[in-house]
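Biologist: I'm new to this one. Can you walk me through its charged pairs?

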Amino acid sequence: MSESISFIVYVTDAPASARFYGDLLEKEPSFVTPGYISFDLGPGADLALWSGQLDGQDPAVSRTGEVCVCVPGGPEEIDRRYATWTAKGVRVVSEPRDAVFGRTFVVADPDGNLIRVAPVD
C-alpha cells in the first residue's frame, strides 16, 4: 500500500463546512462522520474537515496556512472562478491579482481558514 496525505482543516461545524467546501469544489464528501468529513482529491490525497480540537489549540488564534486550489487554464479561468465563488457569497480576503506564479485570489471559509485559488504549476 502506498502512502497517502490528508490535509486537515480545523472547523467549528464539520457538516456546515462540508456543505461550504462541497459547493465551492463541486464535490461530494468521500467519508462522513459527525465531526470528521473528507473529500477525495485524487490518488493518495484528501481534504479533511475536523471539528475536534487538539489539547491547547485555541480557535481564536488566527491561521497561518491555507488550502490552495490549483486550477488549469489561464488568468481568465482564475477570474471566472472568482466570479463564481463571490456570487455564492464567500468572504474575499484578497481580490484577483497577478503574482510571480500567476493570477491568484484568496477567500476565507466560515471559520476564517484561507483558501487560495492559483493556476496549476
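**Charged pairs**

Modeller: Start with R116, which is buried, with a relative accessible area of 16%. Keep in mind that this is a predicted model.

Biologist: Which residue forms a salt bridge with R116?

Modeller: E66 does, and the closest N and O atoms are 2.6 Å apart. E66 lies in strand β5 (residues 66-71) and R116 in strand β8 (residues 114-119), so the pair ties together parts 50 residues apart in sequence.

Biologist: Is E66 buried or partly exposed?

Modeller: E66 is partly exposed, at 38% relative accessible area.

Biologist: Where do D23 and K88 sit?

Modeller: D23 is in helix α1 (residues 14-25). K88 is in the loop between α2 (75-87) and β6 (91-99).

Biologist: How accessible is D23? And K88?

Modeller: D23 has 39% relative accessibility and counts as partly exposed. K88 also counts as partly exposed, at 35%.

Biologist: What does R103 pair with?

Modeller: R103 meets D79 in a salt bridge, 2.8 Å from N to O. R103 is in strand β7 (residues 102-108) and D79 in helix α2, 24 residues apart.

Biologist: Why is R103 called buried?

Modeller: Because its relative accessible area is 19%, and buried means under 20%. D79 is partly exposed, at 31%.

Biologist: Which residues are joined into one network?

Modeller: E77, R80 and R81, through salt bridges that share partners.

Technical notes
Residues are numbered from 1 along each chain as its sequence is written. This is a predicted model: local features need pLDDT of at least 70, side-chain atom pairs count only at pLDDT 80 or more; totals for chains, interfaces and linings use all residues. Side-chain values use heavy atoms; hydrogens and water are left out. Helices (H or I, at least four residues) and strands (E, at least two) are DSSP runs, numbered from the N terminus. Buried means under 20% relative accessible area, exposed over 50%, partly exposed in between (1.4 Å probe, protein chains only). A salt bridge is a side-chain nitrogen of Lys or Arg within 4 Å of a carboxyl oxygen of Asp or Glu.
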